[in-house]
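Please walk me through the packing inside this protein.

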Amino acid sequence: MGKDFFTKFYIVIVCLFLLFYAYLNILQINQKQGTDMVFYKISIVLVLVSVYSYLSLRLVRLFFLDSILSKIFGFWYIALLLEGVLIDTGLGFSINLTNSIIMLIPISIYFYFYLVFNKVDILHFYLKIAVLFTIALAFIYYKEYNIMNMLVIKKHASLLIAYYPLLMLPTALLLNNKYLRLFIVLLIAVIVFSSMKRGGLIALSLSLITYYFIEYIIIRGNRFMIIRLVYVVLVLLIFSLVFYYFDRYNNGFFLHRLETINTDQGSGRLPLYRKVFILIENSSFFEILFGHGENAVFRYNHKLSAHNDFLEVLFDYGIIVFIGYVFLHFQLIKNSIRFIKQKSHFAAPFSVSYILFIVLSLISHVIIYPYFFMLTAFWGMVLGITNRESKMKIQQSFM
């Protein structure tokens, strides 16, 4: 009982640090005046101290965890540290190392959640924290949303910060209370629509379709499928109607962004991709193998990132880390298929987590932004729980 209490207390503290960390990064994204970088760095230190104080006696186990995903993250962990030390980006050793440490936070969070949930059954307790965490992110979003709309005259800003609550969707889908689950999903949906992010809308739509198909057709069978489908269609129609009038009130900004996908080539993404391919072609053998260092596309391409994680990883970290990144995708797909075959209650939410990951990775970024920790925390939690449950089944079979 005492051990469970301290584990719960510890995870609350870590989540508070992560919320503070997310908030400060949101301020950085919106370039809000008066943001003190000292607090940003303190939040990073606090997160790392929180995680590593728990892992201090377990670091030797990083490559001996049962999950292949854990081994991939362990490899990535070492590679990023070496990148920060060995690759000369022209920014100085301290900045390189700081950037590498920032990139290590999502990986550290993965290991923390994996080890906690592999040891203790606190899922229901954590889901309560996750609900509060998502609501807090929604509050932060709309606080910044109002500020951004005051800065943008007669039109909306396309707000990247909506991805913070969006990536809490897989965790929200694990809630047992269907009304609370519906409330959080609708809250996330409203945030994504109001953000005017086309990528966010695509990711959300595909995620909800995936969840419905896996949860209600594959896992639960086709009973009442027609009735449920009618409910879904009605909700979508009502939501679309409300959003249509909301968009008209705001000069049709979102619909205009959809209409200009062909003419603006995805907000200039296609020309940007071509530039990154040219940069890769002009790289040396060493650079192709080991990369150009942290956030290299931004430095080489006039302060524009690749807007695609595959290209970003290949250019920044080289072919070796890129192979590990591709294996990460394969393992996530493999786990999704395994959960679906087992008809696990994690099947639909885990599949949704990958849909979000792949969609946003293809048209935007996930791994180079701080909100990646929300997905790694979810993956660590699910794989930790399933590993603990499988061990319990094996033990019971021998009893």
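The model is a predicted one. With a relative accessible area of 7%, S351 falls under the 20% cut-off for a buried residue. Leaving aside residues up to four places away in sequence, S351 touches T210, I214, S336 and I340.

The aromatic rings come next. Counting ring centres that lie within 6.5 Å, the model holds 25 aromatic pairs. One of them joins Y21 and F373, whose ring centres are 6.1 Å apart. Their planes meet at 45 degrees; edge-to-face would need over 60 and stacked under 30, so this pair is tilted. The pair links distant parts of the chain, since Y21 sits in helix α1 (residues 2-29) and F373 in helix α17 (residues 372-397), 352 residues apart. Y21 has 1% relative accessibility and therefore counts as buried. F373, at 2%, also counts as buried.

F113 and Y126 form another aromatic pair, with 5.4 Å from centre to centre and 75 degrees between the planes, an edge-to-face arrangement. Here F113 lies in helix α4 (residues 93-119) and Y126 in helix α5 (residues 123-151), 13 residues apart. Both F113 and Y126 are buried.

Ring pairs also build a cluster, made up of F310, Y325, Y354, F357, F372 and W379. A ring can face a charge as well: K8 lies over the face of F125, at 5.2 Å from the ring centre.

Which residues have the most contacts inside the largest nonpolar core? They are F73, F357, W379 and M381, in a core of 114 residues. Helix α4 gives the most to this core, with 14 residues. In soluble globular proteins, nonpolar side chains tend to be buried together.

F73 shows what such contacts look like in detail. Not counting residues up to four places away in sequence, F73 touches I107, Y110, F111, L328, F372, T376 and W379. Among these, F372 and W379 are also members of the ring cluster.

Note on methods: Residues are numbered from 1 along each chain as its sequence is written. This is a predicted model: local features need pLDDT of at least 70, side-chain atom pairs count only at pLDDT 80 or more; totals for chains, interfaces and linings use all residues. Side-chain values use heavy atoms; hydrogens and water are left out. Rings of Phe, Tyr and Trp (its six-membered ring) pair if their centres lie within 6.5 Å; planes under 30 degrees apart count as stacked, over 60 as edge-to-face and the rest as tilted. Helices (H or I, at least four residues) and strands (E, at least two) are DSSP runs, numbered from the N terminus. Buried means under 20% relative accessible area, exposed over 50%, partly exposed in between (1.4 Å probe, protein chains only). A charge sits over a ring if NZ of Lys or CZ of Arg is within 6 Å of the ring centre and within 35 degrees of the ring normal. A nonpolar core is a set of buried Ala, Val, Leu, Ile, Met, Phe, Trp, Tyr and Cys residues joined through side-chain atoms within 4.5 Å. Contact means heavy atoms within 4.5 Å.
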